[in-house]
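Visitor: I'd like to go through this one with you. Can you put it up?
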Amino acid sequence: MIYSIFSSGFFWRAILAGGFLALACGLLGVFLVLRRDAMIAHGLSHVAFAGVAIGLLLNLLPLIVSLIICLLGSFFILKLKERAKLPGDTAIAILSSAGMALGVLLTSFKSGFGAELMTYLFGDVLAIAPTEVWLSVVLAFLVVILMVANYYPLVFMTFDREAALVSGVKVKRLEELLVVLTSITVVLGIRIVGLLLVSALTVIPAASALQLARNFKTTLILSSLFSLFSIISGIGIAYALDISASAAIVFISILIFLICLALKKLGLIKNF
Amino acid sequence: MVPPAEIIRVQDVSFYYDGILALQDINLSIYSGDFLAVIGPNGSGKTTLLKIIVGLLKPQKGRVFLFGQPLEEFKDWPKIGYIQQKATYFDPTFPISVEEVIVAGLYSSQKKLLPDKKLVREKINRALELVGLNNIGQKRITALSGGQQQRVLIARALVNEPEVLLLDEPTTGVDRLAQENFYDLLGYLNKNRLLTIVLITHDYGIVNKHVNRVACLNQKLVYHGEHLEFCQSSVVQQFLSGGHHLVSHRH
């Protein structure tokens, strides 16, 4: 059994794509949670649903179409916040409803792709194609590189937005960058855990790390490790027990969160 | 003797929030070496003025010049240190160490990362030493007292070696002793490090021993001049008898 897991190509493809996605989610999630933007990934995943529907309807690669739709959607959220002076969560709610409605409408135009649509809604990491693996690796690598390159301004902006603005940090540009990176990460997560659970990957590992970490770097490292462990062990368990990988990944990350919370509440671990 | 350089010039500035007047025709110059206290009742436009000076708000009328340059063309932001109102009202769960707060301020002003880690460490230590905080670099900022947190924020501003420090009611929520120590530190930085300071405060009674100029604001600039002339000014007496009061403390 164990041998068959490690010798199968699709298992390693899933691990490769999942591992890179975990790093991107672990890093990005910390910034989103601390900026109270945790729901943006949830909102964008609903927007991505419209992209998947368009892709399937027009026989285009759904991930690419979703990426374009998500990027457009993310800028729409920023503009709604800025121009209409709407609170962030209201702008996200409006756009996510619009995305979901568009997706449902488009799926009613053509029958026969219900099963394929389900793999995008709930994810099917073990069915991931080699092209999608490389797309995931390249995009996740891009997310990590851009975050590392802008690390200190991002930290400053997240901790103290007003002081960062006065220090000459290009806050608006960085906020756009964060939303773009979130869009990319959401789309990458679609194949691994699906549209409906992708926001869990950006939020739960970061929330777990925040229970234990004393400084920003440790938070990022722990968040990435928790994310990595959840995805890899989730894929392994799903393969071994023949259950849904997305559910296994999310349940493992919730279990890690509960353990971290308990360790903190019981004072069994000192912040590190 | 060379006259002190003009660091900040506010010229004919008026500002409205959704049509409601907040500031009217403000003209104010701040010179190198000044320790200016900006005082006035709540809602008098003090915070608005400071936000206009640092470019966070754009006035509907008038202009601001920093170091002789129009604000919109000014790029040399490391010369400006800014600590906003309620700056220490952090999210108590925010995971950031004192050192990370300071280094974020340092790197944000650099065009590229400083390759010399030793130099970075020296700059951090020097900034912390200057505000009287040693050996707390690894501590989480939210674990410090309000007074210590204020000092960390000053250290973050000082790490870039600014020429002017603007502070908006920095001691809100800090106990009396910590306030006095904090203002003593500002006085030291002004006199010994020649740092120009602009301070919005309700605690004029505590800070007055350090300031050399006062600006009294109530949507208009009611008074702007030397601290020593301030108390005798008839304009100020009128201002105070008009139902406004300044919180002051007897020594």
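Visitor: Is A:Ile68 buried, exposed or partly exposed?
Guide: A:Ile68 counts as partly exposed, because its relative accessibility is 48%. Buried means under 20% relative accessible area and exposed over 50%, with partly exposed in between (1.4 Å probe, protein chains only). This is a predicted model, where local features need pLDDT of at least 70, side-chain atom pairs count only at pLDDT 80 or more, and totals for chains, interfaces and linings use all residues. Residues are numbered from 1 along each chain as its sequence is written, chains are lettered from A and ligands numbered from 1 in the order in which they are written, and side-chain values use heavy atoms, with hydrogens and water left out.
Visitor: Where is A:Ile68 found?
Guide: In helix H4 of chain A; helices (H or I, at least four residues) and strands (E, at least two) are DSSP runs, numbered from the N terminus. A:Ile64 lies in H4 too, which covers residues 62–83.
Visitor: And A:Ile64, why does that count as partly exposed?
Guide: Because its relative accessibility is 34%.
Visitor: Switching to chain B. Which way do the residues of strand S6 point?
Guide: In S6 (residues 80–83), B:Ile80 and B:Tyr82 point one way, B:Gly81 and B:Ile83 the other, and all are buried.
Visitor: How does S6(B) run relative to strand S7 of chain B?
Guide: Parallel, with 4 bridges joining S6(B) to S7 (residues 164–168). Strands pair if DSSP finds at least two bridges between them.
Visitor: Which residue is the bridge partner of B:Gly81 in S7(B)?
Guide: B:Leu165.
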